[in-house]
Amino acid sequence: MTSMLPAQEQETNMDTLLQQYKEESALSKQTKKDTSGLLYLYTREMLEKMQARTLKDVLKTVPGMNLYRVGNILTIAPASNMPMFVTGVRILINDHDMSSSFNGSSYLLWSDVALDYIDHIEIYKGTSSIAFGSESAPIVVKLYTKDTNREIGSKVRFMLDNRGSSHASFYNAQKVNNNLSYFAYGHIDNIDNKKYHKQFNNQSYQYSSDTHAYNLYANIAYKKTTMELGAKESTENIFVGHGMQATPKDTSVKKSQKYLHITQKLPQHFRVQLSLDHITYSQNSRDDNGIFIVDAPSVTRFDPYDKDNIYSVTVDKVFQSKNNKLTVGVFYKYKEFKFTKFNNAHVENALHYNSLYAEDIYLFNENLKFVASIKENMLHYKKEINHDNQLSYKAGINYKNNKLDTQLLYTHTYFIVPFMDYYNPFRASTTAKKLHSPKSDIYIASAKYHFSKQNSLSLAVSYRSVKDPIVHNQNSGEFLNRDGYTAKYIIPEMTFLHNFNHNNRFDITFYDTYNYTDKLFSPKWGINTRLFNSYKKFDIYNELVYKSAYTDAITQKHLKASYDWTAALKYHVTEDFSVGLRGENILNTGLKQAYRNAPSTYPLIEQKFWLNLEYLF
Amino acid sequence: MKKLLLLLVPLLAFASMQDIERKICTQLISAIFQNKKTIKVYSLCPQLSQKNTKDSHIILVNTPQQADLIITNKYVDFTVDKPIFVRKYYLLQKYKNRAVGGFYWQKGRPNIIFEEKSLKKFDITLPERFQQYIEYKETE
């Protein structure tokens with residue numbers, strides 16, 4: 001062969017170059033914002049090796065967080081604490097905020113979203129969310145859909161578990177011509193979980209968390225315009241239900257969300273986004289032994305119904321110079337709800353939400369970077385609730401060289417009070433108008449040191465305080481601010497990462513938490529380990545999540561230390577066809593949760609074994 | 001000037017990705033014309049510009065007529081009958097008898113392909129190590 005290439009380029013094997021190219025062009029490298037908080041990144045390669053099916057498979061591995069079930073909704077609780085305040089976590093799919101209007105939570109439908117159409121996931125802790133142009137929240141879970149231009153073709157995935165659950169998904173991506181492309185996706189889930197029983201007054205009651213769901217998503221891009229359409233619907237059993245004796249009968253909840261999101265890129269780094277959401281929530285809950293109502297006698301049926309509409313417009317612009325990247329933006333959201341209570345009482349309200357924000361990243365020299373951002377939020381309610389103006393801001397400094405990457409961040413933010421807390425569904429009469437937004441200060445210090453190309457050690461400490469937190473009084477059933485009280489919380493964590501080579505890596509994280517009280521609501525400390533391997537045509541993944549024992553302050557039940565071993569093995573029969581097995585909570589010693597008046601403690605992740613078939617064409 | 005590149009991490013990642021992309025393109029073009037000392041390329045791809053090909057044996061030309069090879073990432077109705085190398089999968093179909101090969105994303109991964117029929121048409125023989133990328137299609 002007589003190639004005219006320069007010697008060093010000629011020697012490089014094309015397959016090696018392609019592998020390097022694939023790694024370097026990972027979308028996560030282009031989207032991550034490492035000045036926006038403590039970042040936990042799940043790349044496409046990681047998700048594929050994990051054979052992760054839903055977002056909960058990812059959330060359960062984030063250090064310092066515990067899964068927590070409320071109804072049948074899986075939320076996250078910071079270690080040692082109760083679940084994060086519902087508006088404290090935002091799930092964004094691309095730039096679309098999935099939060100509902102009445103409930104305020106992104107988890108309502110999206111904590112178990114299947115990941116087949118997701119390229120990678122970024123989880124930011126201690127963020128102000130200013131960089132994301134969304135409503136304020138200290139935790140942002142950002143999911144990025146697969147890029148049409150890279151996916152050209154189709155994929156089917158079919159999964160089956162040992163309990164008879166099934167999951168099927170399909171997508172097709174095409175570039176029609178120079179200007180037009182589309183990505184279309186759909187999945188169906190029929191999830192059967194283990195049933196548990198309670199005997200009470202000589203009757204047997206069943207706890208079920210079975211779920212049936214579908215999700216459709218389409219993305220159409222024409223020149224600089226992108227239109228996204230989404231529709232998700234699920235019907236679920238509500239596990240222990242809402243009754244005082246935890247004796248549910250025929251419980252179910254049906255939830256749906258449909259949305260449209262249009263993004264228009266304009267010259268000079270201008271961007272305009274328009275979006276619409278329509279969300280419904282319909283619950284049927286029965287408990288013959290009584291469901292507690294705050295200000296009226298208990299009831300045996302609880303069947304509220306909610307309808308939300310959200311409209312939003314966001315405009316932002318980036319000014320970029322040699323040393324500066326300044327982003328300025330404004331958004332307006334109209335969020336309304338119509339809620340029919342269990343007693344057929346009808347409540348409705350709406351929020352005009354205006355926000356102005358700016359963020360500047362300034363490069364002082366090659367190693368040193370400063371970030372500062374500010375956001376003014378103006379909340380005007382249609383009726384009954386007082387207007388509220390809230391300022392959030394952030395300042396940070398980042399020093400990075402070949403060996404060391406350090407960061408100091410301070411964020412002042414607040415929690416929007418969700419409509420649900422004002423219009424308590426478990427209250428016969430109306431509004432808790434006195435509720436006000438808790439404010440939060442977050443400090444983060446982190447450092448990552450690369451000993452060598454293979455080894456690195458990361459240390460991070462985050463401190464969070466919440467002033468006047470909203471609490472749910474377990475006796476009265478009401479939501480109220482604990483005025484004058486500041487909840488404090490500190491979490492140190494340490495991660496050691498070893499890369500054997502680009503296909504094989506191991507990491508271990510230790511974390512502990514201090515909540516400045518003698519009460520624990522979830523495990524206090526834990527150790528997470530992950531091992532990613534590839535050998536010939538095999539991908540192998542192992543994860544062990546250890547969480548410490550604790551006595552739950554609500555139920556006074558003792559929960560043993562948990563060990564959740566999850567493993568996945570995938571065999572690539574061809575480049576386009578793979579067969580996989582994924583075992584979840586294999587030893588059945590994973591994290592459990594206690595519920596009031598429920599006779600036992602119950603796993604948050606079922607012991608399951610999935611068969612996974614994937615085919616690209 | 002270094003500052004501008006260092007401003008944001010994504011830019012750095014992008015630069016590294018572009019560098020590898022340029023290396024791959026350069027090797028593929030060289031494989032198509034393995035006996036030529038200099039290869040004249042008409043490029044519509046930003047990854048192959050005057051700046052990043054100045055140290056190689058590839059010369060970028062201003063018109064398709066001057067070129068040994070056209071490399072493109074969008075459909076343009078080229079009137080000259082020259083070999084075309086595509087950077088998008090759908091262009092293989094658009095330039096059915098002229099596309100000698102492509103380097104593009106498909107099914108979530110980067111792919112390299114050479115079309116046997118078009119290679120024959122332009123009397124191109126690839127080096128041994130690139131034979132694995134040749135697609136042999138049944139004659140219609």
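In this predicted model, Gln51(A) is buried, since 25 other C-beta atoms lie within 10 Å of its own and the cut-off for burial is 20 or more. The residue sits in the loop that connects helix 4 (44-50) with helix 5 (55-59) of chain A, and its phi is near 55°, a positive value in a residue other than glycine. Most residues other than glycine have a negative phi. A positive phi near 55° is also found at Asn94(A), which lies in the loop between strand 4 (89-93) and strand 5 (96-97) of chain A. With 17 other C-beta atoms within 10 Å, Asn94(A) counts as partly exposed.

A further loop residue of chain A is Asp552(A), placed between strand 32 (550-551) and strand 33 (558-559). Asp552(A) is buried, because 20 other C-beta atoms lie within 10 Å and 20 or more is what burial requires. Once its neighbours within four places in sequence are left aside, Asp552(A) is in contact with Phe521(A), Lys557(A), Leu559(A) and Ala594(A). From Asn179(A), Asp552(A) is separated by 373 residues in sequence and, C-alpha to C-alpha, by 57 Å in space.

| Residue | Other C-beta atoms within 10 Å | Burial |
|---|---|---|
| Gln51(A) | 25 C-beta atoms | buried |
| Asp552(A) | 20 C-beta atoms | buried |

In soluble globular proteins, nonpolar side chains tend to be buried together. Here the largest nonpolar core has 115 residues, and those with the most contacts inside it are Val141(A) and Leu143(A), together with Leu28(B), Ile29(B), Val41(B), Leu69(B) and Phe85(B). The largest share of this core, eight residues, is contributed by helix 2 (residues 9-32) of chain B. A second, separate core is made up of seven residues, among them Tyr207(A), Ile238(A), Phe239(A) and Val253(A).

Leu28(B), one of the residues with the most contacts inside the largest core, is in contact with Phe85(B), Gly101(B), Phe103(B) and Ile112(B), apart from any neighbours within four places in sequence. Chain B as a whole has four helices and seven strands, and from the N terminus on these elements follow the order α-α-β-β-β-β-α-β-β-α-β. Of its 140 residues, 35% count as buried. Among the contacts in chain B between residues at least 6 apart in sequence, 32% join residues at least 24 apart.

Definitions and conventions
Residues numbered from 1 in each chain as written. Chains lettered and ligands numbered in written order. Predicted model: local features only at pLDDT ≥ 70, side-chain atom pairs only at ≥ 80, totals over all residues. Core = buried A, V, L, I, M, F, W, Y, C linked by C-beta atoms within 7 Å. Buried ≥ 20, exposed ≤ 12 C-beta atoms within 10 Å, placed from the backbone. Helix = DSSP H or I, 4+ residues; strand = E, 2+ residues; numbered from the N terminus. Contact = placed C-beta atoms within 7 Å.
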